[in-house]
Amino acid sequence: MSSAAQTQPGGTESLTPSAVNHILMEFLIYFGRAVVVFYPVYLTGYLGLSISWVLLCMLMFTWWQKNRRWKDVRIDSAIDLMDNEANIISSELKKSLQMASWINFTNVEKVQWVNKVLEQAWPFFGMYMEKLLRETIQQKVRTSNSALKMFTFTKIHFGHKPLRITGIRAYTHEVDQREVILDMNIDYDSDVDIDADVNSAIKVGIKGLKFRGMLRVILEPLISQAPLVGGVTLFFIRRPTLQINWTGMTNLLDSPGFSSLSEEAIVDIIASLLVLPNRMCIPLIDQLKVDEMRFPLPRGVVRVHVLEGRDLVAKDTYMMGLVKGKSDPYLTLRVGNRLFRTKTIKENLHPKWNEVYEFVIHEAPGQELEMELYDEDRDKDDFMGRYNLDSGEVKREKEMDQWFPLEGVPHGEIHLKLQWLALSTEASLLNESNAGLSCAMLAVYLDSASNLPKDQKELTVHHKHGKHNKDKEARLTKKNVGPNSYVEFTLDKDVQKSKVAYLSKNPVWEQGFTFFVQNIKTQQLTLQVKEEEKKSVLGSLNIPLQRLYSISSMCLDQNFLLDHSGTNSQIKLKATLMILTEERAPPKITVSSPSAVKQQNQQVKAGGNVAATPVPLNGAPAASSPGLPGVPPDGTDKAASPQPRRNSFLASETSKHSTLNMRRYDSHSLLSENSIASSRFDLTDGASFPQAIRDHQGSFGEINLTVRYATMRNKLMVLVHSCRNLFPCSDSGTDSYVRIYLLPDVSWRHRKKTHVKKNTVRPIFEEKFEFDVPLEEAQIRQLDVSVKNNKMFRKRERTDIGMLMLDLSQIDLVKGTSDWFELTIPGLSRSTMQSHF
C-alpha cells in the first residue's frame, strides 16, 4: 500500500485513487465476512429460537466439515499414491517400520554380521573413547579458553546400544580399478551418559542422543602388499541429523528456543570435519600423500540460476485467519556446508529472484543441492517447501531448465536453470565473463606453518633488536609456548577461515579451501595468520592469480616466506587454478515421427530397397550412427552409481563412451503392404487371421484405457481396466489378454502384457504398466495395443482379436485421458471381409 502513496514536497504522503480503492475493497471484504459470521447469531435471537438449535446446527456443520476434510484427504492420498506410488509407500513404511535401505534398493546389502561385530566390540570401544576424552579432549578443552581451565569429565559411559549399520552399498565396477567405495547408512540411537564439571558450580552432561547419516568410505589405493589398502578416507556426503538429550545446566538447551540452535551448532562442527569437502584420512603406508587424499580436486561446478516461483503457499493471514494474505518468500540453497540465501520478495506468491549461485561439487552423483523455501516473519520464518536435487543429474544432463515441485506443502514450484561446468588446467580455455559470473576456480590446500611469533609483542621485539642469541631464544621459547593461530584467506569479498591450531609456533592445519574467480588479471589471494584472542596479525602473504595463470600447470606447491612476521616464518600451501568450461549435453534419442514412417513405407511401395538397411531409433542408418555417450548397452540408467574417478584406469568420461544397442526392425513386416505394427514381433512369417475373424462382421469390441504422464516420476503410465463385446472364440467366451508396445520399442524386452482372463467376452484386468520415457519423447510416440486370444484357433494363425493404435501426440498426457476405445483389425478392410459373403 505504501507503493501506491505519493510523497508531497513538504514531506507528507497523500493516497492515490488506486490506494483508496484498495482500502475500500479490503474493508468491504472484512465487513462481508463479519456479516456472514455474526448474522446467523443475530437471526436466531431475533426469531426467538432456543440456543439448542444453534448448538445443533454448529455440531452438524462441524461434523460435515470434518467428514468433508477427511474425504478430501483420502482422495488426495489416493491420487498421490497413483502418481508417486513407490515414494509414498516408502515414506509411510519409514514412519511406522523404520524400513531399511536394502528394501528400496536391491544393491544395498544387509550386513548383520558387521552389527554383531560392533555389538561384541562396543564395550572396548567405550574404553577407548573414555581414554581419548580424558587424556586428549579434556586437555584441549582446558587450553582452548581460560574459563574452561577446570573442565573435567566426571562420568563417561557410551551405553549398551552400539552403533548400527542399516545398509551398505559397495561400488567396484563403476570406479577406478585401484579403489573400492562403500556407502554406509549409520543409525546411532544411543543411551550414552556423559557428565562433566565446567567448575565447582556448573555441571553439564548428555544423556542419550540420536545420530543418522550416510558415511562414504573410500579404500584407495589398492596395493600388492600388506595391508593391501594404502589409505582410508571417511566423509559424509550430506549433513547428518542429530538429536541430543541434555542434562545438568545444559538442560536449557532442550528448550524450544535453544535445542535447534545447540544441535545445529554441533552438526556444524561435524560438518567442518567430516562433511564434504572436509574428509578424515587415515594413511596406512608411508608413501601415500595425505594432502591428495584429504583434498582431491573437485569433480566440477554447478551454476544455479534461481529464476522464479509460482503458486506458492500463502502463510500470512489476518483477522484470526479469516483473511488470507500472501507470503514474503526467500530460498536457501545448500551443498554440503556451503549455504546461500536469496533476497526476500515481499507479499508475492509468484516471486522473481533472478539470482545466480555457484557450488563446488566433489562427489557426483552423491552430493545434493538442498533447497528450502521460507516465509520471512519477525518472530519465526514459516516453512514453505523443499526439494533436493542430486548433482549427478546435472552432470548427466549438463544443462537443466525446468520447474521443480516443492515437497512438504500442498502446492508450489521453483524455476531453476542449472549448468554443469567442468574444470580444466588448459589456459587457452579461459573465457572471462562480463556478467559477474566466475571464469575459474582456485583450490588452496593449507598444510602448515613454521617459526611463527607468539604474539605482536614478540614480533616487535624481533624487528627492534634483530636476531636473538640462542640462549635468549631458548629461554623465550621455553617460557612462552606458541600462539593459538588460524589463517584467514581473502579473495575480494570472499573470506574463509581455517580451524585454530593451539599453542604451537609450528601449527599444522591440513585444510582445503575453494574460491571462485571472476578476473584472473586483477584479483589476488591474500592470507593472514592471526592470533585467536586478540586477532593480531602474525604474518601475511599475497599471491596474484596472474602468477598462477602464467605457469604451465597453473599450480604452486611450496613454502612461502611470510611478510610482516618473523625473520624465518614460513607457511606451506598448495594453490591450483582451474578454468571453468561448459560441456555440451549428450545427444538426445529422437524417435521417428509417424509421418516419417509413412513416408518410408511409400518409398518401399515405389520399389525402393529399404529392407537391407536396418533402421535405428533416430531414423538414420545404423552403420553411420555413432554411440551415444552416457547410454549403457542395456539401456538402463546408471546415473545413481559413481562415475569413474579422476586418474581412473578405466575409460575416461570424455574419451570412451558406451554404445547404444541399436535394434533392427523386422524387414518383412515393414515391407508387407498389409503389415501392422501389432503383429511384427509376435507372429511367425506368413501367418494369417483365422477364418472366423475374417468372416466376422461388425465391431470387434472396445477396451477401456487410462493414459497419462506422471511428471513427478518421469514415467508414462497406462492402466488397462477392462474390455467389452470381444470376439467370442468359443461357446464359453474367450481366453484373452492385452499386449502393449510403446512404438518404436517393439522387442520382447519392451513388451507389456496382462494376465489371461478365461471364458469371458467382458474381461476385467485393472493392471498398470509404466514406460520410462521423457515427456517430450512420449508426446511423439504411438501406443500399440492388441487384445489377443490365449488359445490359437490353429497352428500358425494370428491370435489378435482386436487392435488399437493410439497417437499420443493427440492426447494431453499431463492431464491424462480415460475412455473406451474401439478395437479394429487394420489388416482386414471392410471390402475384404464382405468379399467372403
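Modeller: Strands here are DSSP runs of E with at least two residues, helices are runs of H or I with at least four, and both are numbered from the N terminus; two strands pair if DSSP finds at least two bridges between them. This is a predicted model, where local features need pLDDT of at least 70 and side-chain atom pairs count only at pLDDT 80 or more, while totals for chains, interfaces and linings use all residues. Residues are numbered from 1 along each chain as its sequence is written, and side-chain values use heavy atoms, leaving out hydrogens and water.

Back to the pair: Glu368 sits opposite Asp390 in E17. Zoom out and you get an open sheet of four strands, ordered E14-E13-E16-E17, with antiparallel pairing. Strand E14 (338-341) and strand E17 (382-390) are at the edges with a single partner strand each, so one side of each has no neighbour in the sheet. From one strand to the next, the twist averages 15° (axes are lines fitted to C-alpha atoms, and angles run from 0 to 180 degrees between N-to-C directions).

Elsewhere, Arg216 lies in strand E6 (residues 203-219). Arg216 counts as buried because its relative accessibility is 2%, where buried means under 20% relative accessible area with a 1.4 Å probe, protein chains only.

Note on methods. Buried means under 20% relative accessible area, exposed over 50%, partly exposed in between (1.4 Å probe, protein chains only).
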